[in-house]
Amino acid sequence: MFIVLLRFSKNKDQVGAFLEGHKVWIQRGFDDGVFLLAGTLKPMVGGGLLAHNITAEALQARVNEDPFVAEDVVTAEIIEMSPSRADNRLDFLVD
């Protein structure tokens, strides 16, 4: 499982130019079964994703395809996590 942090960079003012492509990229992640959650980092410092069922290398390649990342609107940090305990509603995430 991975946490992906997408923090705005110096090119934050370019969000509007690449927003639709970013939304399509996020939807593709959900459609592919990779993304479990997507949201905004408060207070408006970027966004975050929860990803699973993918290798670190494949996730990095996927993140690099995000128009926000490719156009330096955000910088991406990928954090790998091995869940060992979860609320019953999230049991499917624990090995």
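Colleague: Is Glu20 buried or exposed?

Modeller: Glu20 has a relative accessible area of 54%. The classes are buried (under 20%), exposed (over 50%) and partly exposed in between, with a 1.4 Å probe and protein chains only. Glu20 therefore counts as exposed.

Colleague: What kind of model is this?

Modeller: Residues are numbered from 1 along each chain as its sequence is written, and side-chain values use heavy atoms, without hydrogens and water. Local features need pLDDT of at least 70, side-chain atom pairs count only at pLDDT 80 or more, and totals for chains, interfaces and linings use all residues, for the model is predicted.

Colleague: Which residue forms a salt bridge with Glu20?

Modeller: A salt bridge needs a side-chain nitrogen of Lys or Arg within 4 Å of a carboxyl oxygen of Asp or Glu. For Glu20, the closest N and O atoms of the pair are 3.9 Å apart. The partner is Lys23.

Colleague: How are Glu20 and Lys23 placed in helix H1?

Modeller: Helices here are DSSP runs (H or I, at least four residues), strands likewise (E, at least two), numbered from the N terminus. Lys23 is partly exposed, because its relative accessibility is 45%. Glu20 and Lys23 are 3 residues apart in H1, so their separation is about one helical turn.

Colleague: How many salt bridges are there?

Modeller: Glu20 and Lys23 make one of them. Arg89 and Asp87 make another, at 2.8 Å from N to O. The count comes to 4.

Colleague: How far apart in sequence are the parts tied together by Arg28 and Glu65?

Modeller: The side chains of Arg28 and Glu65 meet in a salt bridge at 3.9 Å, N to O. Arg28 lies in helix H1, while Glu65 lies in the loop between H2 and helix H3 (67-70), so the pair ties together parts of the chain whose separation in sequence is 37 residues.

Colleague: How exposed is Arg28?

Modeller: The side chain of Arg28 meets that of Glu65 in a salt bridge. Arg28 counts as partly exposed, because its relative accessible area is 36%.

Colleague: What is the volume of the largest pocket?

Modeller: On a 1 Å grid over the protein atoms alone, a pocket is an open set of points where a 1.4 Å probe fits, with protein on both sides within 12 Å along at least five of seven lines. Its volume is the space filled by probe spheres set on the points. The largest pocket comes to about 290 Å³.

Colleague: Which residues are closest to the centre of the largest pocket?

Modeller: Lining residues have an atom within 4 Å of a point. There are 17 of them in the largest pocket. The closest to its centre are His22, Thr40, Gly46, Gly47 and Phe68.

Colleague: Which element gives the most to the lining of the largest pocket?

Modeller: Strand E1 (2-8), helix H1 (15-31), strand E2 (35-41) and strand E3 (46-51) each supply at least two residues. The element that gives the most, with 5 residues, is H1.

Colleague: Where is Met44 found?

Modeller: Met44 has phi near 50°, a positive value in a residue other than glycine. Met44 is partly exposed, with a relative accessible area of 49%. Its place is in the loop between E2 and E3.

Colleague: What is the phi of Asn53?

Modeller: Asn53 lies in the loop between E3 and helix H2 (56-64). Asn53 is exposed, because its relative accessible area is 66%. Although Asn53 is not a glycine, its phi is positive, at about 60°.

Colleague: How far apart in space are Gly48 and Arg7?

Modeller: Gly48 lies in strand E3. Gly48 is buried, with a relative accessible area of 14%. Gly48 and Arg7 are 41 residues apart in sequence, and in space, C-alpha to C-alpha, 8.4 Å.

Colleague: What distance separates the C-alpha atoms of Phe92 and Gln27?

Modeller: Phe92 sits in the segment after strand E4 (74-80). Phe92 is exposed, because its relative accessible area is 55%. Phe92 and Gln27 are 65 residues apart along the chain, and their C-alpha atoms are separated by 21 Å.
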